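Dear colleague,

Please find the structure below. My notes on it follow directly after.

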Amino acid sequence: MSLFIKKAIHDIRQNRFLNAVTVITIALSVLIVSAFMLFLINTTEIMNSWKNGIRIMAYLKQGTPAADIPGLKKKILTMYGTQEVLFISKSEALNLLKDQMQRQASLIDNLKENPLPDAFEIRMIPASQNWEKVEALAADIESLPQVVEVEYGQQWLGRFTNILNLFKLASYALGALFFLAAVFFVANTIRLVLYSRREEIEIMRLVGATNRFIKIPFYIEGIIQGGLGGMVGLAVLFVFFMLASSKVGQDFSAGYFTIRFLPPDILIFVIIGSMFIGWLGCYLSLKQFLKV
Amino acid sequence: MIEEQEKSAIIRLFHVYRHYGSKNALIDITLDVFKNEFLFISGHSGAGKTTLLKLMYLGESVSDGQIIIDGMNLSRISRNRIPYLRRNFGIVFQDYKLIPTKTVFENVALVLEAAGVKRRQIQKKVRSVLRTVGMEQRQKSLPPSLSGGEQQRVAVARAVVGDPKIILADEPTGSLDSDAADFIFDLLKRFHTRGATVVIATHDRELIKKAGDRVVHLTSGRLETPSNI
């Protein structure tokens, strides 16, 4: 095996230009695909942190009898996606408001009557926090006769989730496209290498070399190219990430979440994936070339 | 001379034809080459000498007929057995066919590497063969830096390093001056005396006369009656 590895490294050195082109091609593909992955992972995390804050407020009609409250609470709790239901009485709501208003609390003190309604605060099971389910639950609650209004704020989150899902789909398609493009480029550069070395390969066959003996150094070459391309692509992405994250981190995250680079398991996956691309490109070219 | 050799044939051709489209390159060739024989295939350019050698090492396939090499019927050999068949041969080409980016040593070692010989043995064997052909001092040189005669010596070294049963040489002296040609011929003779069967395709009449071995003559793809010179 060490002979094959030596041969592969020797071949890479001898065809520096073509090998550099292949590595750059793989690196660019990896860079683009991992940039999408990075964006998706971070936006998903941001969305999750926002989603965790999703709560539905159900305001009750003025004069709803206190005796109806436990029954109502029970009813809401049985609805799909509900995790917890908290009753906030109008007086509790007023106290909360006072706390929030601090200096202006005296304004509230001057009120003759508490204008706030009784309400339920409904928290959802994290697993069912997709936007359609939030909307469905809100509609169910709103259909209760005692409920006058339902508020689940952050409606933009719904739109944003839809856009994100669309973006996810687009990135899967783009990922597949870049994968194919990278394989195609590797296959073509390997074909060029093979073509430039066709005489050498012919001589090897004439002196009794098996196809396996000829192929293995090329496979190793492809795997090395893929690995290098993957590492270069990720390194470039990391540099961009460091430059961007310091700026975005300060302006945007404000402590709600931290922007993270790709986790180690994804990094390993990307490098192994790019090695696979290198190997597959070689495999396809060699299969065609050695048939002749 | 044949009487002195073992009578068993190592290469047997039965009614072999080779045509490219409508052009017939070889027509009805029947020939036995005996073990440890030194055989010349003579003929003008385009007579079919190179094609005949190619058919022997499966560089090309016959259009019709059969070839048997050391008991192996080439028409029945599977694709993945071809490399093993070729290890029976040492082939010397007129244009040397050395890999220009590999050193003299690496070019010769390639045959043994392909056969899976251990590295230490490769070192020993290649050095010994390079010494025999007088190229030990140039083992680190690249082929383009060598003269034609030197390149052909390396090609002969590569052909014999695997101790092949058969050496096929296609115009081995064709592009060499007479001194270099004599040296190459002497080398081939030396490996013949060590037990190899040697088949040389050449149009060099002087060389054939000097050798005094069996000659078969090809004319327009047809074999004339084998004769001794």
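Which residue just after H4(B) takes a positive phi? It is Gly134(B), with a phi of about 75°.

Residues are numbered from 1 along each chain as its sequence is written, and chains are lettered from A and ligands numbered from 1 in the order in which they are written. This is a predicted model, in which local features need pLDDT of at least 70 and side-chain atom pairs count only at pLDDT 80 or more, while totals for chains, interfaces and linings use all residues.

On confidence, the predictor gives the complex an ipTM of 0.85 and a pTM of 0.69. The pLDDT (the predictor's confidence in each residue, from 0 to 100) averages 89 in chain B, where 95% of the residues score at least 70. Over residues 1-6 of chain B, however, the pLDDT is below 50. Where pLDDT is low, the predicted coordinates should not be read in detail.

Ile122(B), Val126(B), Val129(B) and Leu130(B) are the buried residues of H4(B) (buried: 20 or more other C-beta atoms within 10 Å of a residue's own; exposed: 12 or fewer; C-beta atoms are placed from the backbone). Seen down the helix axis, these buried residues fall within an arc of 100° (taken from the directions from the axis to the C-beta atoms), so they line one face of H4(B). Arg120(B), Gln121(B), Lys124(B) and Ser128(B), on the other side of H4(B), are exposed.

Yours sincerely

Conventions:
Contact = placed C-beta atoms within 7 Å. Helix = DSSP H or I, 4+ residues; strand = E, 2+ residues; numbered from the N terminus.
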